[in-house]
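Me: I am new to this structure and would like to understand the words used to describe it. Could you walk me through them?
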Amino acid sequence: MTTNAQTAEQPIAIRVSGLLKSFGSHEVLKGVSLCAREGDVVAIIGGSGSGKSTMLRCVNFLETPSGGDIEIGGEKVEMHADGSPSNRRQIERLRQSLGMVFQNFNLWTHKTVLENLIEVPVHVLKCPKDEAIDRARKLLKRVGLAEKEGAYPAFMSGGQQQRAAIARALCMNPKAMLFDEPTSALDPELVGEVLQVIKGLADEGRTMILVTHEMKFAREVASHVIYLHNGVIEEEGPPEALFGAPKSERLKQFLKTVG
């Protein structure tokens with residue numbers, strides 16, 4: 001695990017400042033901020049409806065913020081006053097530096113695993129096909145799916161599909177990985193195999209922001225934990241402080257509930 005002390009001098013990979021998001025009159029995010037330096041693993045925890053996934057989705061503009069600032073790799077995202085992006089090309093370019101892993105895998109069902117992995121590198125990044133296939137095969141081996149390259153998602157377990165989705169995100173050679181509840185759609189016996197892959201990425205020093213309900217895992221792999229409640233950051237800090245000696249009564253209650 002990478003500690004904050006080790007990454008204190010590292011460049012900032014992702015910075016979110018005063019992020020706002022409303023759906024109509026409903027305020028989901030009320031001015032939240034986050035900073036992840038290269039090599040950091042930031043875990044976002046909180047109850048259902050606290051704004052965790054919305055916060056993550058705003059980072060790569062799957063949701064359009066209502067206000068605030070976002071920086072990716074030191075580059076500030078150009079936004080209108082209402083939070084909407086003012087430079088679509090910039091958004092598309094910055095998105096390519098972020099690997100996103102969703103709750104429900106989002107694999108193309110009509111393509112094999114290998115085809116899923118090479119689609120974006122070949123057709124969007126214009127990577128030579130042979131090179132893309134070689135990288136995809138190495139990553140499939142990395143996540144324990146070397147023998148599944150010709151399989152279709154429908155014939156794979158949820159854990160295998162999610163590991164394939166992680167490999168697909170890594171095929172973009174991203175500067176940071178974003179995980180949105182990567183194990184929430186899995187049967188309990190399949191959770192461990194996915195968490196093991198994510199832990200391996202953390203051990204490699206990959207920058208990650210992870211929305212998760214797996215508290216034990218967050219405590220083990222995160223360098224920084226954010227507890228979100230009702231769209232505000234109720235408490236944040238190193239995992240040993242948040243899980244070992246929480247200050248907020250709400251966080252104490254939350255940890256009792258999920259524990």
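Reply: Gladly! Let's begin with helices and strands: these are DSSP runs, numbered from the N terminus, where a helix (H or I) has at least four residues and a strand (E) at least two. Please keep in mind that this is a predicted model, in which local features need pLDDT of at least 70 and side-chain atom pairs count only at pLDDT 80 or more, while totals for chains, interfaces and linings use all residues. Residues are numbered from 1 along each chain as its sequence is written, and side-chain values use heavy atoms, with hydrogens and water left out.

Me: Why is helix H2 called mostly covered?
Reply: Six of its eight residues are buried, a word that stands for under 20% relative accessible area, with exposed meaning over 50% and partly exposed what lies in between (1.4 Å probe, protein chains only). The buried ones are Lys52, Thr54, Met55, Leu56, Cys58 and Val59.

Me: What makes Lys138 and Asp134 a salt bridge?
Reply: The rule asks for a side-chain nitrogen of Lys or Arg within 4 Å of a carboxyl oxygen of Asp or Glu. For Lys138 and Asp134 the N to O distance is 3.3 Å, so the pair qualifies. Both sit in helix H5 (residues 129-142), four residues apart, which puts about one helical turn between them. Lys138 is exposed at 56% relative accessibility, and Asp134 is partly exposed at 40%.

Me: Which parts does the salt bridge of Glu149 and Arg137 tie together?
Reply: Glu149 and Arg137 come to 2.8 Å, N to O, in their salt bridge. Arg137 is in helix H5 and Glu149 in the loop between H5 and helix H6 (158-170), so this pair links parts twelve residues apart in sequence. Glu149, at 22%, is partly exposed, and Arg137, at 42%, is partly exposed too.

Me: How do you know that Lys216 and Glu220 form a salt bridge, and how many are there by this rule?
Reply: Lys216 is exposed at 63%, whereas Glu220 is partly exposed at 39%. Elsewhere, shared partners join Arg142, Glu204 and Arg206 into one salt-bridge network. By this rule the count is 15 salt bridges.

Me: What makes strands E9 and E10 a pair?
Reply: Two strands pair if DSSP finds at least two bridges between them. Strand E9 (residues 224-229) and E10 have five, in the antiparallel sense, so they pair. Across this pairing, Leu228 stands opposite Ile233 in E10.

Me: Which residues line the largest cavity?
Reply: Val59, Asn60, Phe61, Ile72, Val77, Ile91, Leu94, Arg95 and Leu98 do. A cavity is a set of points, on a 1 Å grid over the protein atoms alone, where a 1.4 Å probe fits but cannot get out; a pocket is an open set with protein on both sides within 12 Å along at least five of seven lines, and lining residues have an atom within 4 Å of a point. Helix H3 (residues 88-95) gives the largest share of this cavity lining, three residues.

Me: Which lining residues are closest to the centre of the largest pocket?
Reply: Of 21 lining residues, Leu98, Met100, Phe102, Val120 and Met172 are closest to its centre. The largest share of the pocket lining, four residues, comes from H4.
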